[in-house]
Amino acid sequence: MVVVMGERATEEQIQRVVAQLVEMGYDVHRSTGATRTVIGAVGGGPKGDPRLVEMLDGVAEVVRISEPYKLASRTFKRDDTIITIDDLRIGGDEVIVMAGPCSAESEEQVMGTAAAVKRAGAKVLRGGAFKPRSSPYSFQGLGEEGLRLLRAAADQHNMKLVTEVMDASQIEVVGRYAHIYQVGARNMQNYSLLRELGRTRRPVLLKRGISATIEEWLLSAEYVLAGGNMDVILCERGIRTFESYTRNTLDISAIPVVRHLSHLPVFVDPSHGTGRRDKVAPMARAAVAAGADGLIIEVHCDPDHAMSDGAQSMFPGQFEQLMAELRIIAPAIGRSICLEPVARRGWGF
Ligand code: PEP
Ligand code: MN
C-alpha cells in the first residue's frame with residue numbers, strides 16, 4: 001500500500017506511521033515530494049489491515065497498489081524519477097544519448113569512438129568489457145583492461161560510463177569504473193544479481209529480457225528498488241518474435257505503456273533492437289517521438305572490423321546525422337536533446 005501524508009503532516013506523525021507499518025511487517029520506503037511525503041509499504045504479514053494506518057494523524061490517504069510491482073509503479077510515485085549523476089539528469093526534459101562500441105577492443109578503438117560520439121552530442125559512453133556472447137567461442141571482452149580503457153575515454157571527454165555487469169561477483173570491479181551498471185537482456189531475471197545491485201547506490205540500466213513481458217520487466221526492476229536503490233533506468237532492446245528480418249522486434253509501444261505504468265526513465269536500444277545499422281536511425285527517431293527518455297546506440301569507428309555487433313554499429317558520420325535529426329524531433333514533443341551542439345573541429349567523416 002501507499003500512505004500519502006497530508007501536506008502539513010509533521011515528522012513525528014510520519015514516524016508514527018512508519019512505526020505502525022514496520023509493526024505490521026511491511027518494508028517501508030519513504031519518498032519526499034515537493035509538497036508531501038509518500039510512504040510505500042511492501043510485503044506485510046497477516047496483520048496488514050490498512051485501516052490501522054488510515055486512522056493515524058497526518059494521513060491523507062491510503063491507496064492499495066494493485067500491480068504486482070509496487071515501488072516501480074506510478075501509484076507509488078506519481079512524478080517521473082530523475083536520476084542525477086553530477087550534472088547529468090536522466091529522465092528530465094532532456095533526451096540523453098548513450099553511445100559507443102559494443103565491446104572495448106583496444107585503446108585506439110575506444111578513444112577514437114569516444115571522441116566521435118562526444119562530438120555528436122552523446123552524454124554517456126557505452127561499451128562492454130564483460131560480454132554475454134551467445135557462443136562461448138566468440139570474443140568475451142577485455143575484462144578489467146576494457147573497463148580501464150572505457151573509463152579513461154569517458155573521463156577524457158567528460159562523459160559518464162555505462163557498462164555491463166554479468167554476475168554478482170563482478171559488481172565490485174565494474175563499480176570501480178562504471179557510473180551506471182548495465183544489466184543485459186540475458187540477465188534480466190538473474191535475481192541474485194538484481195538483489196545485489198539493489199544494495200549498491202549506483203544507477204542500473206535494466207535491459208528488457210528477450211522474451212520478457214512488460215510486467216516481468218517491471219518486477220525485475222522491483223528487485224533493485226526493493227533493496228533501496230531507486231535509480232533504475234528501463235531499456236527496451238527488442239524482443240524475440242517470429243519475424244526474422246530484423247535481429248529482434250523493437251517494441252516501440254512499450255515506451256508509452258511503461259511510462260504510464262511506471263515513474264522510471266525508459267530508454268531504447270535500437271541497435272540490438274534491429275541488428276542492422278540501416279534500421280537504427282529510423283527506430284531511434286521513432287523512439288524519441290514515442291517519448292523515450294533516452295537512447296543507447298552502438299557506434300564504432302571501424303564497424304566492418306568490430307569484434308562484436310559490427311553489422312548493427314553505426315559509422316560516426318551516421319550517428320552525427322541522427323543526432324541532428326533528433327534535435328529537430330525532440331522539441332516537437334516538448335523535449336530537448338544536447339542543447340549545446342558540439343563544435344565541429346576537424347571532423348573527417
Ligand atoms: C550490449 O549492450 O552490448 C548487449 C549485449 O545488449 P543486450 O543485453 O540487450 O543483448
Ligand atoms: Mn552489442
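Author: Tyr191, Leu194, Arg195, Leu197 and Gly198 of helix H6 meet Ser220, Tyr223 and Val224 of helix H7, where contact means heavy atoms within 4.5 Å. The model is a predicted one, in which local features need pLDDT of at least 70, side-chain atom pairs count only at pLDDT 80 or more, and totals for chains, interfaces and linings use all residues. Residues are numbered from 1 along each chain as its sequence is written, chains are lettered from A and ligands numbered from 1 in the order in which they are written, and side-chain values use heavy atoms, with hydrogens and water left out.

The residues joining H6 to H7 divide into 5 nonpolar, 2 polar and 1 charged. Here Ala, Val, Leu, Ile, Met, Phe, Trp, Tyr, Cys and Pro count as nonpolar, Asp, Glu, Lys and Arg as charged, and the others, Gly among them, as polar. Helices (H or I, at least four residues) and strands (E, at least two) are DSSP runs, numbered from the N terminus.

Two packed helices are described by the angle and the distance between their axes. Those axes are lines fitted to C-alpha atoms, for helices over the stretch in contact, and the angles run from 0 to 180 degrees between N-to-C directions. For H6 (residues 191-199) and H7, the axes come within 6 Å and cross at roughly 40°. The two helices are therefore oblique to each other; angles under 35 degrees count as roughly parallel, over 145 as roughly antiparallel, 65 to 115 as roughly perpendicular and the rest as oblique.

H7 (residues 214-226) also packs with H8 (residues 254-261), their axes coming within 11 Å and crossing at roughly 50°. That makes H7 oblique to H8.

Elsewhere, H3 (residues 107-120) and H4 (residues 144-156) have axes that come within 9 Å and cross at roughly 30°. H3 and H4 are therefore roughly parallel to each other, and H3 passes H4 in a right-handed crossing. From H3, Glu107, Val110, Met111 and Ala114 meet Leu149, Leu150, Ala152, Ala153 and Gln156 of H4. This contact has 7 nonpolar residues, 1 polar and 1 charged.

The C-alpha atoms of Ala99 and Ala221 are separated by 23 Å, with the two residues 122 apart along the chain. Ala99 lies in strand S7 (residues 96-100) and is buried at 0% relative accessibility; buried means under 20% relative accessible area, exposed over 50% and partly exposed in between (1.4 Å probe, protein chains only). Leaving aside neighbours within four places in sequence, Ala99 is in contact with residues including Val117, Val124, Ile297 and Phe319.

Lys160, in strand S9 (residues 160-164), is also buried, with a relative accessible area of 11%. With the sequence neighbours within four places again left aside, the contacts of Lys160 include Asp86, Val124, Ala154 and His179.

As for cysteines, the structure holds 0 disulfides, a disulfide being a pair of cysteine sulfur atoms within 2.5 Å. The sulfur of Cys301 is 14 Å from the closest cysteine sulfur, in Cys102, too far for a bond.

Definitions and conventions:
A crossing is left-handed if the near helix is turned anticlockwise from the far one by less than a right angle, and right-handed if clockwise.
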